[in-house]
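Here is a short briefing to read with the model open beside you. Take it topic by topic, and find each residue as you go.

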Amino acid sequence: ILILFPNNVLLADQGLEISCLNLKSALYGRKYKPLNFKLEATAFHYFDNEIGQFQTIKSNELDTGEDYFTARFEDYELGFQIILFEGEEKPRIVMSKYDYHNNKFLEHYACTVTQKYIF
């Protein structure tokens, strides 16, 4: 069947590519590199620039709810939330980096999401 219909078969899973920009970029005019994440059916992936390593969390280990998910690491957690502001029709995605050992938020980000096929 693959030989007869090669263009009709897609051998990939659909996932999300999430790109988040530190809000200090907009508020203070500072230049920050965006943080990039991948969320697929089996795992959440992200390169941690501070430690220079890829971080992966299995999807069943994410804390999820109706409008959020949280990826928890050894020293911090990344909380993603969908927010619909009053007067707007399209919801926004925001992300916060939270240091749960010191009980404080470290950074806040505005995110964009793109659906992609992940091979």
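Where in the chain is the place of N103? N103 sits in the loop between β8 (92–99) and β9. This is a predicted model. Its mean pLDDT is 86, and 88% of the residues reach 70 or more.

**Confidence**
- Residues 1–5 are the part to treat with care: pLDDT stays under 50 there.
- For residues 1–5, the model has 1 contact beyond four places in sequence.
- Where pLDDT is low, predicted coordinates should not be read in detail.

- Most residues other than glycine have a negative phi.
- N103 is not a glycine, yet its phi is positive, near 55°.
- N103 counts as exposed, because its relative accessibility is 58% and the cut-off for exposed is over 50%.

**The disulfide**
- A search of the whole structure finds 1 disulfide.
- C20 and C111 form this link, with their sulfur atoms 2.1 Å apart.
- The C20 and C111 link is right-handed, with 105° about the S-S bond.
- C20 belongs to strand β1 (residues 13–22) and C111 to strand β9 (residues 104–118), so the pair ties together parts 91 residues apart in sequence.
- A disulfide is a covalent bond between the sulfur atoms of two cysteines.
- Are C20 and C111 buried or exposed? Both C20 and C111 are buried.

**Salt bridges**
- Side chains of opposite charge can pair when their charged atoms come close.
- How many salt bridges does the structure hold? The structure holds 2 salt bridges.
- One of them joins the side chains of K24 and E107, at 3.5 Å from N to O.
- K24 is in helix α1 and E107 in strand β9, so this pair links distant parts of the chain, 83 residues apart.
- R92 forms a salt bridge with E88, and their closest N and O atoms are 2.7 Å apart.
- R92 is partly exposed at 43% relative accessibility, and E88 is partly exposed at 31%.

**Helix α1 and S25**
- S25 is found in helix α1, which covers residues 24–28.
- S25 counts as buried, with 17% relative accessibility.
- Leaving out residues up to four places away in sequence, S25 touches R30 and Y32.

- Strand β2 (residues 35–39) pairs with strand β3 (residues 43–48) in the antiparallel sense, over 3 bridges.
- β2 and β3 form a hairpin, with 3 residues between them.
- F37 has Y46 in β3 as its bridge partner.
- β3 also pairs with strand β4 (residues 53–58) in the antiparallel sense, over 6 bridges.
- β3 and β4 form a hairpin too, with 4 residues between them.
- In the turn between β3 and β4, G52 has a positive phi of about 70°.
- Which residue stands opposite D48 in β4? Q53 stands opposite D48.
- A43 stands opposite K58 in β4.
- In a regular strand, side chains alternate between the two faces of the sheet.

**Aromatic rings**
- The count comes to 10 aromatic pairs.
- F44 and F69 form an edge-to-face pair, with 5.7 Å centre to centre and 70° between the planes.
- F44 lies in strand β3 and F69 in strand β6 (residues 68–72), so their pair ties together parts 25 residues apart in sequence.
- F44 is buried, with a relative accessible area of 0%.
- F69 counts as buried at 13% relative accessibility.
- Y98 and F105 form a tilted pair, because their planes are at 55°; their ring centres are 4.8 Å apart.
- Y98 is buried, with a relative accessible area of 15%.
- Which residues form one aromatic cluster? The cluster is made of F37, F44, Y46, F69, F73, Y76 and F80.

Conventions
Residues are numbered from 1 along each chain as its sequence is written. This is a predicted model: local features need pLDDT of at least 70, side-chain atom pairs count only at pLDDT 80 or more; totals for chains, interfaces and linings use all residues. Side-chain values use heavy atoms; hydrogens and water are left out. pLDDT is the predictor's confidence in each residue, from 0 to 100. Contact means heavy atoms within 4.5 Å. A disulfide is a pair of cysteine sulfur atoms within 2.5 Å. Helices (H or I, at least four residues) and strands (E, at least two) are DSSP runs, numbered from the N terminus. Buried means under 20% relative accessible area, exposed over 50%, partly exposed in between (1.4 Å probe, protein chains only). A salt bridge is a side-chain nitrogen of Lys or Arg within 4 Å of a carboxyl oxygen of Asp or Glu. Two strands pair if DSSP finds at least two bridges between them. Rings of Phe, Tyr and Trp (its six-membered ring) pair if their centres lie within 6.5 Å; planes under 30 degrees apart count as stacked, over 60 as edge-to-face and the rest as tilted.
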